[in-house]
Amino acid sequence: MPENQFFVDSDKLSEEALERKHRLENDPSVRTDPMQYMEGMERISSDVMEQVLSQMHAYDYNYYTDADVRRALMHETCSIEDFKALLSPAAKPHLEEMAAKAKYETSRHFGNTVYLFTPLYIANYCENYCVYCGFNCYNDIARKKLSAEEIEHEMKVIADSGMEEILILTGESHSMSDLTYIGEACRMAAGYFRNVGLEIYPVNSEDYHYLHTCGADYITVFQETYDLGKYETLHLKGHKRVFPYRFEAQERAILGGMRGVAFSALLGLSDFRKDALASALHAYYLQRKYPQVEYSLSCPRLRPIVNNEKIAPLGVSESDLCQILCAYRIFLPYIGITVSSREQKKFRDGIVKIAATKVSAGVSTGIGDHESKYTGIKEEGAGDEQFEISDARSFGQMYGDMASQGLQPVLNDYIYV
């Protein structure tokens, strides 16, 4: 897919805004250094980024052979080299064997359980210019920030459905979704749900500590792509442009006391095999450094956004995605793997029997229209969504479908004492 299909102009942008936007897109000299920290960004002493990127840069997946894949599948413990072989094109003919091994590991460590959760987007204001994202600051969409009363209403609707885990999301705007606003949402969520996750802009370790005291249990941060060159061309403005600060977010969250952290690349932005390798190694090295923390991975693919229906993953098929998920499970048998509503129903129903352990349900990526997923009543004045979903099943439908397949739907796996 030509790269310029990511760049979409809104006919409602002013000439001044268009000029600034086009300068950022076309003139690298006006863009800031993506490795340069901005004022107020915490720096930590860590070698995890160096370890991950050095492995990724050295990875030549065409080097691996059929024999390498066979050896990897025979080993009881999957090494980094084995994992690289399982991600390679040479492993594609062995997908059935990989699935069988992944299913064995999943059953051994998780039984036949599948965890259910739902995301709640509370604001879609954003100060970043990420050219593939529906929330980006130059995209002409309906913006909305939920009030405290609206947040609590949405949470009550979700909790009344039976859901016990929620993931709170915002656009990346420090001014419109400040820490106090997010913290208050966490406090409200803690009154309705057993597990509270956050997917927000990266913050400093002391800020993660504050959010943890407000009720947040874990955080999710998408690195999007671990390819710095590609990252620089896709993230043109805002705090998100700073590559190392985003990379170190999970470690800062751990230092801030969060119980769990989640990782992901957005597959289809760059070379998906290298991004998949880097995502898993990011979790792997932190797990070795902080073994007391819970870790999880997901591997979402690009989806269309408002004002750009052409957005699509770059060469990542469902069989590629299945290969990645099976390789994840074999390499990291103890960690959770989430498959989002970006993927189609058939794929999600199949992969939870093999490698995935967690799925979203009753999903809305818009702001203030979550109730429509449960009641069928579309709320007026809702904010536009971040991306289009593929699997729109409600919580009840998802629960029933998982149970009918012989799986045990789990709503909460953690008890505070």
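**Notebook: helices, cavities and backbone of a predicted model**

I looked up helix α6 first: residues 148-160, 13 residues, with 18 Å from the first C-alpha to the last, close to the 18 Å expected at 1.5 Å a residue. The expected span is 1.5 Å times one less than the number of residues in the helix. Helices (H or I, at least four residues) and strands (E, at least two) are DSSP runs numbered from the N terminus.

The model is predicted: local features need pLDDT of at least 70, side-chain atom pairs count only at pLDDT 80 or more, and totals for chains, interfaces and linings use all residues. I note also that residues are numbered from 1 along each chain as its sequence is written, and that side-chain values use heavy atoms, with hydrogens and water left out.

**Entry: burial in α6**

I took buried as under 20% relative accessible area, exposed as over 50% and partly exposed as in between, with a 1.4 Å probe and protein chains only. In α6, I found I151, E154, M155, V157 and I158 buried. Seen down the axis of α6, these buried residues fall within an arc of 160 degrees, so they line one face of the helix. The arc is that of the directions from the helix axis to the C-beta atoms. On the face of α6 turned away from the buried side, I found the exposed residues E149 and D160. Just after α6, G162 takes a positive phi of about 110 degrees.

**Entry: helix α5**

The buried residues in α5 are L95, M98, A99, K101, A102, E105, T106 and F110. Down the axis of α5 they fall within an arc of 170 degrees, so they line one face of the helix. E96 and Y104 are exposed on the face of α5 turned away from its buried side.

Which elements do the buried residues of α5 pack against? I listed α3 (66-74), α4 (80-87), β1 (113-123), α13 and β9, where contact means heavy atoms within 4.5 Å. Just after α5, G111 has a positive phi of about 65 degrees.

**Entry: helix α13**

The 14 residues of α13 should span 20 Å at 1.5 Å a residue, and its end C-alpha atoms are 20 Å apart, which agrees. I recorded α13 as mostly covered, with 12 of its 14 residues buried. The buried residues of α13 are D320, L321, C322, Q323, I324, L325, C326, A327, Y328, R329, I330 and F331.

**Entry: cavities**

I worked on a 1 Å grid over the protein atoms alone, where a cavity is a set of points where a 1.4 Å probe fits but cannot get out, and a pocket is an open set with protein on both sides within 12 Å along at least five of seven lines; lining residues have an atom within 4 Å of a point. Grid points are joined across faces, edges and corners, and a volume is the space filled by probe spheres set on the points.

By this rule I count 2 cavities of 30 Å³ or more. The largest cavity has a volume of about 80 Å³. It is lined by 13 residues, of which F6, V8, V131, N136 and N139 are the closest to its centre. I sorted its lining into 8 nonpolar, 4 polar and 1 charged residues, counting Ala, Val, Leu, Ile, Met, Phe, Trp, Tyr, Cys and Pro as nonpolar, Asp, Glu, Lys and Arg as charged, and the others, Gly among them, as polar.

The second largest cavity has a volume of about 50 Å³. Its lining consists of S298, C299, P300, L321, L325, T338, V339, S340, E343 and F347. By class, I recorded 6 nonpolar, 3 polar and 1 charged residues in the lining of the second largest cavity.

**Entry: second largest pocket**

The second largest pocket has a volume of about 290 Å³. Of its 14 lining residues, T77, F331, L332, P333 and Y334 are the closest to its centre. The elements α5 (95-110), α12 (272-289) and α13 each give two or more residues to this lining. I divided the lining of the second largest pocket into 7 nonpolar, 3 polar and 4 charged residues.

Most residues other than glycine have a negative phi. E224 has a positive phi of about 75 degrees although it is not a glycine. I placed E224 in strand β5, residues 218-224. Is E224 buried or exposed? At 6% relative accessibility, E224 counts as buried.

I found G366 in the loop between β10 (358-360) and α15 (371-375). G366 counts as buried at 7% relative accessibility. The C-alpha atoms of G366 and I122 are separated by 8.5 Å, with the two residues 244 apart along the chain.
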